[in-house]
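This report looks at secondary structure, packing and cores in the model shown below. Terms are given their cut-offs where they come up.

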Amino acid sequence: MAGVGYVLAIGAGRAPAAHRVDTAEFEIQFWSVEDGLLDNSVTSIEQTGDGFLWVGTPRGLVRFDGWSFVSVTPRADHATNLAVTAQCVDAKGHLWFGTPKHGVFRLASETEWQSEATPMGLRDEPISCLGAGEQGEVWIGTDQGLVRWQEGRFERLLADPALADPAVLGLHVTRSNGVWVSTRSGLRQVVDGMLRPARFGPEVSGQSSPFLGIFEDRHGLLWAFGDSYLLNLSAGRRFNYFRGGGATTLQVWTICEGRPGELWIGTTGQGLFHFDGGRFRAVDLWESRDHSEVRALFSDREGNLWVGTQRGGLLRLRERTVRWFSGPGGPATCLAEDPTGTIWAGFQHGGLLAGRGGVLDPATVPAPLAAQNLITTLAFNRDRTLWLGTLGNGLHRMLDGRVMRFTLAQGLGDDSILASCTVGGGRTWVSTGDGCLHRFVGLARVSFGREEGLTGDPITAIRPAATAGVWVGTSKGEVLRFEPPNRFRRVSDPAMASGKAITALLEDSAGRLWVGTAGAGLYCQTGEAWRHWTLTNGLPDNAVIGLEESVRGDLWLATARGVSRLPRTWIGGSSSSHERLPLLIEFPAATAPSGALGWPRSLRSRDGRIWLATESGVVNFAPSALQPLRPAPRVRVEAVLADGRAQPRLAAASSAAALRLPSGLRDLELQFTAPSLTFPERTRFRHQLEGFDPDWQDSPGNRRARYGRLPAGEYRFRVTASDAEGSWTGAETELALVVPPPWWLSPWIVVLEVILPIALAATAARKLSHRRLRRQLARVQAQQAMERERSRIARDMHDELGSKLTRINFLCERARNELAEVSPAANKLDSIASTSRDLLHSLDEIVWAVDPRNDSLEHLVAYLGQYTAEYLQNTALPYDLKMPGTVPEQALSAEVRHNLFLAFEEALGNALKHSKATHLAIKMTTADGCFIIHISDNGCGFVVPPPLAEPPRPPAAGWRRGGTGLRGMRARLGTIGGRCEIQSQPGRGTAITLTLPLATIEASPAPAPAL
Amino acid sequence: MKPIIQVSLVEDDPGVRENIAGYLNSAADIRCVSTYATADEALAQLPKEAPDVVLMDINFEEGLNGIQCVQRLKPLLPNSQILMLTVFEDTDRIFRALAAGASGYLLKRMPPAQLLEAIREVHGGGAPMSASIARKVVQSFQSPRPAAGGDAELSAREREVLLALAEGCPYKQIGDRLGVSIHTVRNYVRRIYEKLHVHTRTEAVAKFYRQ
């Protein structure tokens, strides 16, 4: 027996693999060679008492902590890893594994492997299977027969009658210490130290197929499995559900028990099956054929099923805690539970679905309801009356298949229904877009508005209060409480929620009021005081769309980033106003950000599940399954690296002895981990190097702690892991470290090392130029005043001048009609009418130019396009217009817009009036940071005069049209930092290119052109 | 014989109102069945009348404005076409009216003959969309919004038509480019308008949850 050290190869830390296959009930994740598994074939899986998972492969053994794989080699003289054929954990908790050529190995302690091969010459016998007995014995199946190991002694068992082929193919040790062995000659049982043929009752005698295996479940029921069947030996029942597709391709290979009464069956050829005591179901693991060969099954202590496959890697099946239902597509907007416990969901793009347990089907409702889209809210009365609100299409009430609709026409203040809720089973509150609330009892309606204390802002949230009445939240962030008989009292602070809509409301079982907002974070009122959390103190996102309290008393929040949980213990214990929320995202969900339609978007159903209406459908989960109460795993220090060199490992138990590090240490790294197989991503670590770190440090995600040059001295490294809830309740792991002082270290150098950095850290005071800031502020204010003035002018011209000119136009037309067909007065009236129309046209341009809303490139492009179409519409000149479909967002001052427009107008006018062209092409593009307008015709052309030598005088920014000609066009573009290029030759047409560099344009608006 | 197009006019200026009503009745195939001076009045009465086409001023000095009126009226009158009347080509305001459910717009300075033509076109299933409006529609569908998928989403073909319109292509050219008739292009535009309405109702939600 050789005691050997073992080599622990630590691969680069890697996050859990991202290959996820989701089936309805299980969340499946798989790992392969790419994730650090040594081989894609897995022969065996075991778990040791410390929580680690051990995975055997043909290329060696790996240890898995849920997060990364670590290759484990029993001793240094095996240059290559040993193939693993079988594993077991004996009664003392030691891990064993068997190999094809090197016998069996036993993990005697955390760091020591024992080779148990020598005495029986097992080295020459390929090990096929291992089994552990109750008294610490280990049964070893080889191709030569069965061997029993007990306290270091091996004993080979003889077969009676002798077997033609002694090879043991499988073995199973039952709780009552019965040992069942599969051989090619059938099933054998260990009786009185001999392998004897197994005997069963009459139901199964006569089975011709050789049994491959026996399995005893937790209830003590014996199961026998063969190539295509499963026999319950205790009850004598036979199942052969496997025979569906070609029996030759299928063989039951391994069985393991999951939850009580549940068997997992691994087959070769057809993958994994689930048997719940009466029914077999194939589990769809992955589309690939690689998962059809199941070689190993293991149910860990955390309740996960691990599946080892032939060439398909390692899989974990975790019971699905979160169920999604994507529905007909599009966001779900609201939820309600009817009196029978059925959950109903409304969808934005239409559709009303109902169902239980996460599977929703189109609800059987009359056609008018089924056809609704933009459903905003749902509520049920005790008598099964359904209330359904829509955006813009009123409120619907359905009872016994009859639908009534309430709209403006029925006296409702608005056709947009925003929220509803039912109180006490019979009173339904409904809010409308005009800011009113309505309470229905049956068909009788009482409406509430400003007179009753409402603010007049639309009410976006309604929730029953614990005692009487309701809580309501408005689109402006106010929360009010209804106090019977007819008053609303404001409970929110005046500046609360910064005017953001209230999107979630909850009064918890302790009477605290929780308020979620569309972007201003989370509030909680205890007594009269409000507490407030945002992104800066722990809230995952400032938009909260759902708040529910679980049966256990935890608070569940849905934000735009996902679903989080606030532990009950924290809520009860915390009272400080600014204590950071200990929130983690439990699972991501595309819950709608603010601006989302619908109420309520969260719901706790009677069975305790929490439901959410999200962007991608309906989500529900059982809070208790998502948050299993499980102690924090114990942390193991895996390696200590001093200046990059691994230090000899310490015996785990002897943490009292300090690890002596090299003197003059420059760099220290400690690597640690803890097994967490279900939610490894939720396990967090923190560490402290006593003597250096003043306090606990949050460990980085790679599970390492690093230190630079440590002064000589004694240290104690402490590390601990959180449980899945994030609390630090677990035991600490400690490691004592000593850094000896280097010979050259004298006290005065230490003094220098301490003092110098402090001296160097002297700060240079920075002076702020307050005068400059003030000047900038004044300029901004002047600009804003200017814009307001421009807006006012535009509006006045639009409303006043426009409507009066229109009136003149129509009055002329009317007077004209009253006159004789031809008369001088009639001609004058025609002339007045047409002049007023022209004037309207000009006014249109001016309003466009003045209005600051048009100060962007997009508006300019749209306007030029519209102008072109209108201008050329009634001419005979055919033209091509090409605009960019979209343009970059770019502010353009009125001056730039106006100059460019006038130059464009000039170019277009010239082409129409002077070119005698038969075709005109206008193309606008944005390229290389420029906006370019290209206007070309096929007309007579002309000799282009050279640009003036002296800088052109900018034309008056007036509204005179025409006449400025080519010079004017160049000057206008020059004024705004652009270029005007004109190419023309007599008889060859004309091409004008107006180029405006966008980068040079000031974003600040220039003064409006003088009128 | 073609059925007579029943038109209702909502306009607060009495002069303009009488004149337009006069034009309308001068045409053989169009009848102005009612006129209203305020949007509120129109909203109360029009659902009962259900005219074929409603001409709606965009600006009212009192009460609801034209856009708000369209927003409320359209769900009650799904089969009526609403044309906006405006003095200026105020793209932003026109677009909002179109998004709220209008099917087109008329400039008050249009010659009377064009006005009648526009009414006949929209009643016949036409869907006029100018380049500048198309650009606004493109932006609207690009803007980040909660909805994804469903009936408010443009199909690839509709997107193609919309982009061509936004680039300034006339219907005829778009038809040639896609190898379909101008009639088909018009149908696409109709559908774009319908989706815009749904889309806009969705977006209108945001105002209740101002961020």
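How many helices and strands does chain B have? Chain B has nine helices and five strands, where helices (H or I, at least four residues) and strands (E, at least two) are DSSP runs numbered from the N terminus. The model is predicted: local features need pLDDT of at least 70 and side-chain atom pairs count only at pLDDT 80 or more, while totals for chains, interfaces and linings use all residues. Residues are numbered from 1 along each chain as its sequence is written, and chains are lettered from A and ligands numbered from 1 in the order in which they are written.

Read from the N terminus, the elements of chain B follow the order β-α-β-α-β-α-β-α-β-α-α-α-α-α. Of the 211 residues in chain B, 54% are buried (20 or more other C-beta atoms within 10 Å of the residue's own, with C-beta atoms placed from the backbone). Among the contacts in chain B with a separation of 6 or more, 68% join residues 24 or more positions apart, a contact being two C-beta atoms, placed from the backbone, within 7 Å.

## Helix packing in chain B

Helix 2 (residues 39-49) of chain B packs against helix 3 (residues 66-76) of chain B at an angle of about 10 degrees, and their axes are 10 Å apart; axes are lines fitted to C-alpha atoms, for helices over the stretch in contact, and angles run from 0 to 180 degrees between N-to-C directions. Helix 2 of chain B is therefore roughly parallel to helix 3 of chain B, a label for angles under 35 degrees. The residues that meet include Leu43(B) and Leu46(B) from helix 2 of chain B, and Cys69(B) and Leu73(B) from helix 3 of chain B.

## Nonpolar cores

A nonpolar core is a set of buried Ala, Val, Leu, Ile, Met, Phe, Trp, Tyr and Cys residues joined through C-beta atoms within 7 Å. In the largest one, of 109 residues, Leu55(B), Leu83(B), Ala97(B) and Leu165(B) touch the most other members. Helix 8 (residues 894-914) of chain A supplies the largest share of this core, nine residues. A second, separate core of 87 residues includes Leu388(A) and Trp599(A).

## A sheet in chain A

Four strands of chain A form an open sheet in the order 41-42-43-44, with antiparallel pairing; strands pair if DSSP finds at least two bridges between them. Strand 41 (417-423) and strand 44 (444-448) of chain A are at the edges, each with a single partner strand, so one side of each has no neighbour in the sheet.

How values were computed:
Buried ≥ 20, exposed ≤ 12 C-beta atoms within 10 Å, placed from the backbone. Parallel < 35°, antiparallel > 145°, perpendicular 65-115°, else oblique.
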